[in-house]
Structure formats: C-alpha cells, structure tokens
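Here is a friendly walk through a multi-chain model, written for someone who likes cut-offs stated plainly. Have the viewer open as you read.

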Amino acid sequence: MAGDVLVLAEHFGGSLGDITFELLGMGKTLAGEFGGTCTVALIGGSDAMAEELGGADLVLRLGGEELADFNPEPYGEALLAAIEAKAPRVVLIGYTSMGMDLASTLAVKTGRNLASSCIRVEGGERITTTSQLYGGKMDVRSDLGTAPCILSVLAGSAPADAGRHDGAPTVENLDLPATAGRVRFKRFIEPEAGDVDITAQDILVAIGRGIGSKDDIEVAEELAEALDAAVAATRPIVDAGWLPKTRQVGKSGLKVKPKVYLALGVSGAPEHLEGMKGAATIIAVNTDKNAPIFNVAHYGLVEDLFEVCEELTEALEDR
Amino acid sequence: MDMTVLLKRVPDLVEDLEVDDSGKALDEDSVSLKLNEFDDHALEEALLLKEGGGGTVTVIALDGEDVDKMLYTALAKGADRALKVMGGDPDGGNQALAGIFVAALDGHGGDLILTGVQAADDRDGQLAPRVGALLGRPCIEVVTEVNPGDGKVTVHKELAGGVVAEYEVDLPAVLGIQAARQTPRYAPVSRVRQIQESATIDTVTSAATEGAGFTVVAMTPPETGEGAQMLDGVDELVKVLDAKGVI
Amino acid sequence: MLSSAERVAFILLVLVCSALAFKGFARMVKIVRRGRAAQRSDNLICRFAEAFIDIALQRPIFKARPVASFFHALIFFGFSFYVLVNVNDLLEAFVDGWSTIGGGPIASLFNLASDLLSMAVLVGMVFFLIRRFVVKPKVLTFNPSVKLHPAVAAGGLRKDSLIVGIFILMHVGSRWLGTALHLAENGHSDPWLPTASAASHLFAGLSPAALDTGVHVCWWLAMGLIVLFLPYFPRSKHLHLMVAPVNLALDRRSPRGLMDAVSDVASPGAKTLTDLPWPQLLDSYACIMCNRCQEACPAHTSGTPLSPAALEINKRYTLTDHAAELASGASAPNLLDAATSVDAVWSCTTCYACVRVCPVGNEPMMDLLNIRRDLMMDGAAPDELAEVLRSLDEKGNSFGDSPRKRARWSKPLDFKIKNANKEPCEFLWYVGDFASYNPDCQEVSRTVARILTAAGIDFGILYEKERSAGNDVRRTGEEGLFESLAEQNAAALEACEFERIFTTDPHTFNALKNEYGPYGERYQSIEHYSTLLLELLENGSLKVGKRLGGRATYHDPCYLGRYNGGFDAPRRVIEACGVELLEMPRNRENSFCCGAGGGRIWMKDHDDMTERPSENRIREALELGAIDSFVVACPKDLTMYRDAVKTSGNEGKIVVKDIADFVAEAMELG
C-alpha cells in the first residue's frame with residue numbers, strides 16, 4: 001500500500017539532534033517499503049540544518065529564527081499544518097521531551113492512531129510496530145492496520161548514519177498557522193557546571209536503584225576512584241538528590257559513550273539505555289538476572305553490587 | 001488554584017512479568033498494580049502548589065482493586081476530593097482513559113490538571129497531552145517545577161542533556177510531571193485509616209469512549225540478541241577490564 | 001542543747017522552708033499529673049515493697065559502673081542512717097539532757113554506726129567530687145551535636161553537683177565535727193565513736209566556751225542546712241533520693257518488648273512534654289544525671305546527636321523553668337524544641353540499653369518512640385525511611401521487592417519446603433524479611449532448612465503470604481502500618497494448621513511473642529530457632545558428630561536477649577558444636593546493639609557518626625584476641641557485622657557466622 005512518511009526534525013542550540021537522523025533513516029526505509037517519499041518537517045530550523053537533511057526527499061520548512069526555541073504550541077500547530085499539507089501515511093516523532101509534547105496532541109487532533117515507545121516499525125500492507133514497555137521488560141507488537149498513524153520512536157532505535165546524507169535537499173516552505181500564544185518560551189536553564197564531565201570519561205561507574213541508600217554511594221565512589229573513573233547515575237538516584245543532575249545518564253540526562261560503562265544496580269529502563277547504549281563495553285551487575293540491562297550489556301554479573309564494588313576495589317588496589 | 005490530578009495504576013516492575021496464554025497480554029497472576037510513580041510526583045507537586053498558594057486538589061482514578069486505598073492515601077496526604085470512575089476498562093489504553101477522565105470531569109478539571117509524564121504501559125501516547133488536546137488546553141510534558149502566577153503558571157520542562165526550558169503557560173492547562181520539587185510525601189497508614197473512617201470517595205460512571213484503534217498482536221520479553229556474556233565472579237570481571245585496557 | 005531563742009529560730013526556719021518546699025513538690029505533682037494516663041497503680045504495696053528491697057540492696061545501681069556504684073552505696077547507706085541521726089539530733093536539741101554518748105548498748109551501737117557511716121558518706125562524696133571536678137570522665141560529657149537546655153550547656157549540672165556535694169559534705173561533716181567537739185567538751189573519748197574521738201583530740205586546747213559555740217555552730221550547719229536545702233530539693237538532682245524510689249516502684253511491669261497501645265488515635269504520639277505518659281514526666285525528676293544511659297547508648301557512642309541522658313535532663317530543666325505555668329495548666333513546650341532534636345529521635349536503635357541500665361527506672365527510649373509516633377502521624381519520616389515504609393505497605397517487605405519472590409531463597413534447595421498455607425505442618429517457620437530477601441541471610445535460611453530436614457522435622461513456611469512482622473515498623477512510630485501488617489500476618493497464620501511456631505528473626509520473635517496479643521493467643525508461644533536447635537541437639541534429633549574446635553564470641557541480639565531474656569540457648573548451641581565460647585565485655589543484658597534496630601537499618605547514617613556501633617562491636621570482639629568467629633543469631637546482625645568487618649578493615653581476621661552454620665558444620669551437612 002502506497003504512502004508517504006513525515007519525519008519531525010528536532011533541534012536544540014542551533015543543531016539537529018541525532019534523533020532526527022535516526023528517524024530519517026527509519027522513515028526512508030519505510031517510504032521505500034511503501035513506494036512513497038520521506039519528508040522532513042523542519043520547524044524553526046536554519047538553512048544549515050536544512051542542508052544536513054540531504055537524505056530526505058523533501059524538507060518542509062515551517063518558520064525560522066522566531067521559532068528557534070522549542071515551544072509545544074506553535075510547533076504543534078506547525079506540525080499539524082505539515083500533516084494536513086502532506087497527508088503522510090506515517091508520521092515519525094521522537095519519544096523525547098519535545099516529541100512527547102507533540103505526538104499525543106496531534107493524535108487527538110488528527111484522529112490518527114498513535115503507537116508510542118516504538119523501537120521497530122515494519123511497513124507494508126499493514127504497519128506493525130514494536131514498543132518497548134514496562135520499563136523495558138516487554139516488547140509489545142501492535143498492528144496499526146492500514147490507517148494513517150503517528151509513531152513515537154525511542155531514541156537509539158535506528159542508526160543515525162542511515163539518515164545522514166550530503167546533497168542539497170529539495171526545500172519547500174510552508175506558512176506557519178497562527179497560534180493562541182498560550183504558551184510562552186522564557187529561557188533555557190543550563191545545568192550547573194558539575195565537578196566532572198561524565199561525557200568525557202573513559203570509564204563510568206553508573207549506579208541505579210539497586211544502590212539502596214545514599215550511604216551506599218560511597219562504595220561506588222571508592223570503586224570509581226580505584227578505576228580512575230567517574231560516578232554516573234540513573235534518574236531516580238538524581239531525583240532523590242543523592243547525586244547532582246550533571247551525573248544523570250539517559251533521556252533527560254546526558255548521553256555518554258565511554259570505553260567501559262559499569263552499570264551497578266541499574267535495571268535498564270529504556271529511558272536510561274537511551275543515554276548509554278553507545279558505550280563501547282557495557283558491564284552490568286545486578287541481583288536480578290532478568291533485568292533488561294543484561295540485554296544490552298556485553299558482560300553481566302548476577303551478584304550483589306556492594307560485594308562486587310568492595311571486591312573489585314580491593315582487587316584493583318592490590319594490583 | 002483548583003487542580004485535578006489524574007492517577008493511574010501500572011504493573012509494578014519489581015515483579016517478574018510474564019505473558020499470558022494469549023501471548024498478547026501480561027499474565028494477571030504475575031502482575032501487581034501500583035500507582036504510577038510519576039503520578040505520585042504529580043500529586044506531590046499539586047499538594048505543594050496548594051500549600052503554597054491555596055486552592056483545592058481533586059484526585060481521580062479508575063475503579064479497581066485497591067483503588068480505594070490509593071485514593072484515601074491521596075486524601076490523607078492532603079487532597080480535598082477523590083473521584084472514582086466506575087466501569088472503565090483499565091486496560092483500554094490512554095486514548096480511552098483520557099476520554100473517560102475528561103467526561104468524568106465534565107470537560108472541566110479546574111485550573112490545572114496534572115498527571116505523570118508517562119507510565120510503564122503507555123502504548124498509545126501519554127495521558128497528559130491527550131487530555132490537554134481533548135479539552136483544548138495547552139499541555140507541557142516532562143515538567144519538574146511549577147510556580148503559580150496570575151492566571152498562568154511558570155513551568156520548568158526538562159530537555160535532553162540536563163537542560164531545562166522555562167515556559168509561561170496560561171491557565172487552564174495540563175501538565176505531565178516528571179518530578180515534583182520534593183520527594184513525594186509519605187502518608188502514614190494510621191492517617192489513611194482515619195481518613196477512611198471520615199472521608200468519602202465520590203463515584204461517577206464511566207462514559208463510553210473510543211479506545212486505541214489498533215491491537216496488540218504479541219507481547220514478548222525483549223529479544224536478548226547476543227545477550228550479555230555472563231561472568232562468574234569479580235575475578236573474571238577484572239580480566240575483562242584488563243582486556244579492555246582500562247586498568 | 002539549743003537555747004530557747006535558737007529553738008524558736010529553728011522552728012520558724014522549718015516552717016518557712018517546708019512551706020516553700022511543699023509548694024515546689026506540689027507543683028511537681030501537678031505537672032506529673034498533666035502527663036497522659038498510664039496504668040501503674042496495680043499492687044501498690046507489692047510495688048513499693050519490691051522497690052524498697054531493690055534499693056536497700058542497691059541492685060539498680062550495680063547494673064553498671066561498679067566502682068562509682070560502691071561509693072554511691074557508701075553515701076546511700078550513710079544517708080539512710082542519717083534519718084535516724086537527724087531525729088536524734090533534733091531530740092538532743094530540743095529535749096534537755098538527751099544524749100546517746102555514754103548511753104546503753106543501743107545508743108552505743110547507734111553511735112558507732114553514725115560515726116562510721118559519716119566517714120562513709122564523706123569518703124563517698126569526696127570520691128564523686130574528685131571524679132566530676134578533677135578526673136572529669138568523658139562519660140559525663142555530651143557529644144557536641146547533642147541538644148542541651150541553655151542552662152545545662154552553661155554548666156548547670158556542674159553547678160548543681162557542686163551545690164549538692166557541698167551540702168552533703170557540710171551536713172555530714174558538720175554533724176561529725178559537732179560530735180568531735182562535743183567529745184572534746186566532755187573531755188573524754190568514746191570507743192563507740194572512734195573517728196570523732198580521734199578528731200576530738202585536735203580540740204583539746206580550746207576553751208569550754210569556744211567548744212560550746214563550736215557545737216552550736218556545727219548543729220546549725222548540719223540541721224539548719226538540711227532545712228535550708230529543702231526548698232532547693234525540687235530544683236536539684238538530689239531530688240532523686242525521693243523520686244527515684246517512687247519511680248522504681250511505679251515502673252513498667254509489662255514485657256519490655258511490648259510498646260504501649262495508642263491511647264488517642266488522632267494524636268498517637270507526643271508533641272509537647274505533657275503529651276508524654278505521666279511516668280515519663282516523673283522520669284525527669286528521678287534522673288540523677290549520671291549519663292549511664294548515654295554510655296550504654298549505641299547512638300551516642302557512635303557520635304550522633306542522641307543522648308538519652310540529655311533528653312531527661314532537658315525535660316527536667318524545662319519543666320523546672322516553666323513549673324508555675326505548667327502547674328496551672330499552661331500549654332507545655334514542644335519536645336523537639338525543649339528536649340531533643342529530630343536527628344536524635346531518628347538515631348535511636350530502640351535497643352533498650354538505656355532503659356535497662358538506668359538506676360532510677362527511667363525510660364528515655366519511650367519518649368523517643370512517642371515523638372516518633374507524633375512525627376510519623378505528620379508524615380515527617382526521613383525520605384529513605386518513608387520509601388521503605390511505602391514498600392512495607394505495598395509489598396509487605398522492606399526490600400521493595402516482589403512479595404512473590406519471598407520464598408525464592410528456597411529454590412536452590414534439593415527439597416521443597418512445605419507450603420503451610422496448603423498443608424498442615426508440625427512447625428511453622430516464620431522466616432522474616434532479611435532471612436528471605438538478603439542474599440547472605442538467604443544462605444543461612446537454606447542452612448536452617450537443611451538442618452531441620454536432616455533432623456526429620458516437619459516444617460512449613462508461609463511463602464508469599466508472609467509479611468514483615470512489623471516489629472521495627474512499630475518502632476519507627478508507624479502504628480497504623482504495624483497494625484495492617486499484623487492483621488495480614490494473623491490472617492495468614494490463622495488459616496494454617498501447625499503445632500508450634502518458630503522464627504529465625506529476633507525482631508519477628510519479639511513482635512509475635514509480645515505484640516501480636518490482640519491478633520491471637522497462640523503467637524505468644526513463638527520460639528526462636530536457637531531454642532529449637534538446642535532442643536533438637538539435646539533430644540538427639542540433631543546428630544553433631546564433629547567437634548569443631550576453635551574459639552568464638554557471641555553477640556546477643558537486642559530483641560532476643562535484652563528484650564526477651566534469650567541468652568542461654570544460642571550459647572549452648574555453640575558449645576554443643578565443640579566451639580569454645582569467649583564473652584565480650586559487654587554481653588547478655590549489657591550487650592551492645594549492632595545499630596540496626598528500630599528501623600535504623602533502613603535509614604542512612606548520621607553525618608556526625610564517627611564509628612558505626614557494629615564497627616565498635618567488632619573492635620570489642622577483636623580485643624578478645626585469638627578468636628576465629630563472631631557468632632550471631634539474627635539475620636540483621638549477619639549483614640551488619642559482615643559489613644562492619646569489611647568497613648573496619650578487619651577482613652580475614654574474623655568470620656561472621658550464624659549459630660546454624662556451626663550446627664550444619666558439626667552435623668557435617670554438605
């Protein structure tokens with residue numbers, strides 16, 4: 001069944017995010033299966049961004065400088081206009097902070113079905129998606145049938161390289177619809193500079209909920225010291241105020257690509273995996289042998305993390 | 001400011017979730033439901049707003065086992081009113097749930113509706129933006145702080161990389177809360193039991209709403225791919241670290 | 001002896017001072033009565049008789065500090081006898097010609113006693129003054145972060161101690177000196193007054209007039225001073241000599257492990273001083289400020305802001321500050337403003353050592369538990385504790401883990417443990433949280449299961465129906481959650497058929513034995529596995545073929561030992577395995593808590609903590625020298641001490657084992 005694909009470009013601080021290229025790569029494959037085209041909707045983007053989108057059949061530009069900073073209201077209206085203009089069979093939106101504001105709203109406004117947390121999309125006669133739900137413990141396959149739909153896709157579900165293409169894309173401009181102005185962007189608040197830049201570390205000792213209490217962070221810190229590494233954490237650890245925000249890895253934290261990522265008591269929720277899947281070697285320590293972290297880890301150890309921390313610290317100090 | 005907090009129960013992820021015989025759903029015997037932790041944060045943020053600037057907090061949830069306890073707990077924490085929707089399908093997905101909640105709130109819900117940014121079983125989008133769109137109100141997801149103003153709220157929305165964007169949003173609005181300003185408070189069981197004696201939970205019958213227009217065809221634990229190579233003890237871990245040249 | 005003018009002056013002094021003192025005591029009674037109700041008036045005669053005997057034998061004070069207690073006993077016996085001496089001296093003063101000197105045998109014996117006991121008091125008092133003002137032992141000081149009443153912080157205790165000390169020296173010393181002068185006056189010594197006679201020679205050269213004046217001055221210094229001191233009594237630590245006996249007579253007679261029921265559901269705890277039950281207000285008046293409770297307290301010893309002594313002292317000073325208003329019904333200060341700090345409240349391990357050691361029957365720990373109940377009702381639990389309580393409420397365990405995984409520890413066994421919910425069993429084993437979920441403790445649980453199976457015992461467990469028994473939940477002040485857990489457990493147990501019930505967890509043991517009364521009779525018969533193992537060893541069901549040898553020390557878990565008297569069985573089990581048992585200095589009733597009780601195991605260490613109680617204990621054990629094993633009979637202890645051995649850098653020097661490990665080794669179970 002024929003159809004086109006519309007991909008929402010995401011940008012921040014003047015450059016396109018990886019998710020844009022991941023979705024573009026995915027969108028192109030889908031469009032290929034449909035025998036249709038893949039369009040990127042670039043809202044509030046720049047010429048430079050448009051030039052990076054050579055992989056798209058068409059770059060649909062909505063607004064410019066004035067929308068450089070994300071605002072769910074005008075972005076939503078703009079994307080709605082793009083959908084109405086292009087009537088794509090599939091709209092791909094990142095399951096990101098920005099995308100979360102838009103996908104569900106558009107689903108209601110367009111009456112389209114929406115599958116979220118997608119990690120795989122199969123096109124063809126019917127569209128089938130796989131969503132990663134229940135904290136990464138279940139893959140749910142859904143049949144979205146032949147109706148047009150919106151899919152929100154987890155970051156890191158497809159290689160970004162597939163979406164990167166040089167070449168001058170065809171650009172089409174679309175007028176921005178008027179908005180009610182009920183949401184006003186005020187400013188960005190950058191995280192306070194941390195003592196450690198976890199994105200620049202070769203080794204990270206990451207701790208998750210398995211750590212239990214704040215005191216226990218000490219053992220992880222001792223291990224990190226012995227490894228000449230830094231301590232990173234999952235969201236709950238940071239939310240509890242045990243470590244600063246600058247140590248958070250994941251969807252709302254930082255993306256890290258160290259040589260070794262030692263995940264201690266990290267269950268492996270998709271939001272966290274998003275931030276560390278790119279590590280060269282992932283070693284997971286968890287008492288729960290079914291923890292999803294073991295699915296992405298290269299090495300696993302089913303043991304109590306304190307014991308491992310202490311033994312490992314000792315072993316390293318003995319060397 | 002009058003606020004409504006939408007509460008949803010989700011499978012507790014500490015359980016070893018299993019798939020039932022149909023291969024399309026969780027085995028109920030493996031599931032125990034608990035309040036979505038993000039919803040708990042939404043409730044906390046609402047209570048903080050109420051304590052800071054006055055107003056009321058209404059909590060609403062679909063009926064189900066132990067839902068009364070959840071609602072009484074919310075009342076014990078400081079919510080003013082609890083509303084239970086009878087007869088809705090708890091497995092109907094967020095599209096249906098948003099419709100049910102909006103109908104139960106008579107298309108209103110006060111100045112501000114808050115709920116969790118997401119839930120572990122969100123397969124058809126998120127509740128907050130769906131409710132926002134149905135009511136025609138602005139919605140912001142991934143909110144970590146709400147400050148009240150005159151006819152508006154100023155919110156912090158977390159973007160990637162720890163960057164926070166600040167927005168001013170006209171009321172009425174809908175917010176998907178990622179984290180409250182403080183850890184959700186604890187409601188002592190003694191107080192919950194007392195509230196149970198004195199307070200009542202209002203009930204309303206669910207409206208018929210349209211659910212997700214697509215079906216689950218299979219549910220499986222994630223493919224492990226190659227999976228992790230399991231190590232036996234710290235000694236082997238040291239060998240791996242050694243081999244990677246990091247020690 | 002006294003002149004008429006002196007007699008009139010003395011009588012006037014007595015009237016004025018008694019009136020003032022009466023006012024002070026009357027206020028005190030009114031203030032104590034403002035406390036909440038408590039049942040202490042049963043068997044009053046019996047209570048006072050027992051207290052009398054205990055005090056006469058100085059039993060309460062000899063629970064600790066033998067040297068200081070000895071000197072206290074000197075003062076105590078001397079002072080007790082001085083009641084007679086004072087009566088005699090009044091008679092001498094007011095009845096012309098009354099004298100014991102040169103009297104019959106009774107008078108002579110009286111003289112001998114008064115002479116020697118005067119010396120005893122003086123020696124005792126000098127000891128205490130030197131101790132407090134020269135030696136200045138560390139036990140009399142508080143950790144820097146302990147909250148103190150401003151007057152206490154400004155040295156109020158030293159001042160009070162000095163006043164009391166000087167009063168006693170003056171009172172007894174003057175009386176003794178008066179006797180010596182009297183002897184000198186009469187120009188003879190009396191063999192029944194050996195020390196006074198010896199001193200009388202010093203005054204041989206004085207004129208009769210001077211001697212007579214001296215006798216009168218001494219009489220006034222001895223008797224006038226005691227009367228003058230009467231109004232100061234209610235403000236002074238010396239009050240203990242009147243209130244302590246009453247406090248001891250009216251002490252708690254319920255089991256140590258049973259917390260008072262909540263009397264007011266709407267406000268279950270204590271926010272202000274007068275929210276405390278009245279005996280706990282009386283406590284503060286009985287307090288002699290000796291800091292023995294603080295010395296026994298694992299929280300204070302580890303450097304945290306909790307001092308049970310400071311709590312009582314602050315209460316006392318606050319009540320004294322506000323005595324007039326409080327006696328006339330004014331609202332009392334908040335405990336957290338006046339008596340102690342939030343950090344101190346949450347630092348308590350509920351080990352009962354402070355209550356056990358107190359020589360005057362005080363219960364500072366109960367105050368802390370009352371404050372916890374109040375904080376908890378306001379939802380003001382520390383975050384990490386709140387998270388655990390939430391887990392206990394939702395999942396029935398403190399680990400945040402699935403209740404379905406509760407019996408997973410038993411999976412590696414090559415036999416299946418009976419499901420007591422489904423089939424009858426002779427023994428029902430209440431496993432408890434730590435033994436079910438903590439990996440180290442799970443290993444011990446499996447060992448126990450193997451031992452029982454090898455002994456042919458028919459036993460079962462509750463599987464996922466078991467919840468935390470709630471012992472420590474109750475001690476965090478979360479009364480409602482305790483009730484909820486107890487109800488669920490009782491319902492599960494009610495549906496099972498079993499003859500005997502035992503547990504591997506002392507905390508569970510205490511809860512079922514002492515606190516499950518309202519939920520059913522039969523839980524009171526719960527046994528600790530140490531008793532069961534001993535029984536099986538003694539009746540031959542367990543065959544220990546191998547004598548293990550080696551030397552071990554044993555740590556008494558608070559909730560088995562001090563709370564419930566379970567001291568002997570674990571020791572006998574260890575010895576039955578052929579292991580030599582060495583006692584640490586602090587053992588049995590004096591055992592030192594591991595630091596985990598009362599919910600502490602769920603909370604983070606206080607920032608001021610200098611040495612964890614568990615590390616302190618390991619140090620104590622290592623000081624015994626040449627021991628191989630540190631033996632426990634409590635799952636929490638196992639984890640606490642295994643950690644402590646590591647964190648104190650003593651790995652390899654000592655092995656932490658459960659008593660069951662010895663039994664299994666001695667039975668040569670694979």
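## Conventions

This is a predicted model, in which local features need pLDDT of at least 70 and side-chain atom pairs count only at pLDDT 80 or more, while totals for chains, interfaces and linings use all residues. Residues are numbered from 1 along each chain as its sequence is written, and chains are lettered from A and ligands numbered from 1 in the order in which they are written.

## Chain A as a whole

Chain A has nine helices and 17 strands; helices (H or I, at least four residues) and strands (E, at least two) are DSSP runs, numbered from the N terminus. Its C-alpha trace spans about 65 × 40 × 35 Å along the principal axes. The radius of gyration of chain A is 21 Å, which agrees with the value near 20 Å that a compact globule of 319 residues would have; the radius is taken over C-alpha atoms, and the globule rule is 2.2 Å times the number of residues to the power 0.38.

Of the 319 residues of chain A, 59% count as buried. Here a residue is buried if 20 or more other C-beta atoms lie within 10 Å of its own, exposed if 12 or fewer, and partly exposed in between, with C-beta atoms placed from the backbone. Among contacts in chain A with a separation of 6 or more, 64% link residues 24 or more positions apart; a contact means that the C-beta atoms, placed from the backbone, lie within 7 Å.

## Two domains in chain A

The domain assignment divides chain A into domain 1 (5-174) and domain 2 (198-318), with bounds that come from an automatic or database domain assignment. The C-alpha centres of these two domains of chain A lie 32 Å apart. Nine residues of domain 1 of chain A are in contact with nine residues of domain 2 of chain A. On the domain 1 side, two residues are nonpolar, six are polar and one is charged. For these classes, Ala, Val, Leu, Ile, Met, Phe, Trp, Tyr, Cys and Pro count as nonpolar, Asp, Glu, Lys and Arg as charged, and the others, Gly among them, as polar.

## Where the chains meet

Chain A gives 76 residues and chain B gives 64 residues to the contact between them. On the chain A side, H4(A) supplies the largest share, nine residues. By class, that side has 36 nonpolar, 22 polar and 18 charged residues.

The contact between chains C and B takes 21 residues from chain C and 14 residues from chain B. Helices H18 (364-377), H19 (383-395) and H23 (479-494) of chain C are the elements that give two or more residues to the chain C side. H19(C) gives the most, with six residues.

## A sheet that crosses chains

Strand E8 (residues 152-158) of chain B is largely enclosed by the rest of the structure, because five of its seven residues are buried. Five bridges join it, antiparallel, to strand E7 (residues 139-148) of chain B, and strands count as paired if DSSP finds at least two bridges between them. B:Val143 has B:Lys157 in E8(B) as its bridge partner.

E8(B) also pairs with strand E9 (residues 164-170) of chain B, in the antiparallel sense over seven bridges. B:Val155 stands opposite B:Tyr167 in E9(B). Which residue of chain A stands opposite B:Tyr167? That residue is A:Phe185, and six bridges join strand E12 (residues 183-189) of chain A to E9(B), running antiparallel.

## A covered helix and the core

Helix H4 (residues 127-135) of chain B is mostly covered, with nine of its nine residues buried. Those buried residues pack against helix H4 (97-110) of chain A, and in chain B against strand E1 (2-6), helix H3 (93-104), strand E6 (112-116), E7 and strand E10 (173-177). B:Gly136, which follows H4(B), has a positive phi near 70°.

B:Val131, one of the buried residues of H4(B), is among the residues that touch the most other members of the largest nonpolar core, which has 290 residues. Such a core is a set of buried Ala, Val, Leu, Ile, Met, Phe, Trp, Tyr and Cys residues joined through C-beta atoms within 7 Å. Not counting residues up to four places away in sequence, B:Val131 touches B:Leu6, B:Ala98, B:Phe101, B:Val102, B:Ile113 and B:Val174.

Definitions and conventions: Two residues are in contact if their C-beta atoms, placed from the backbone, lie within 7 Å.
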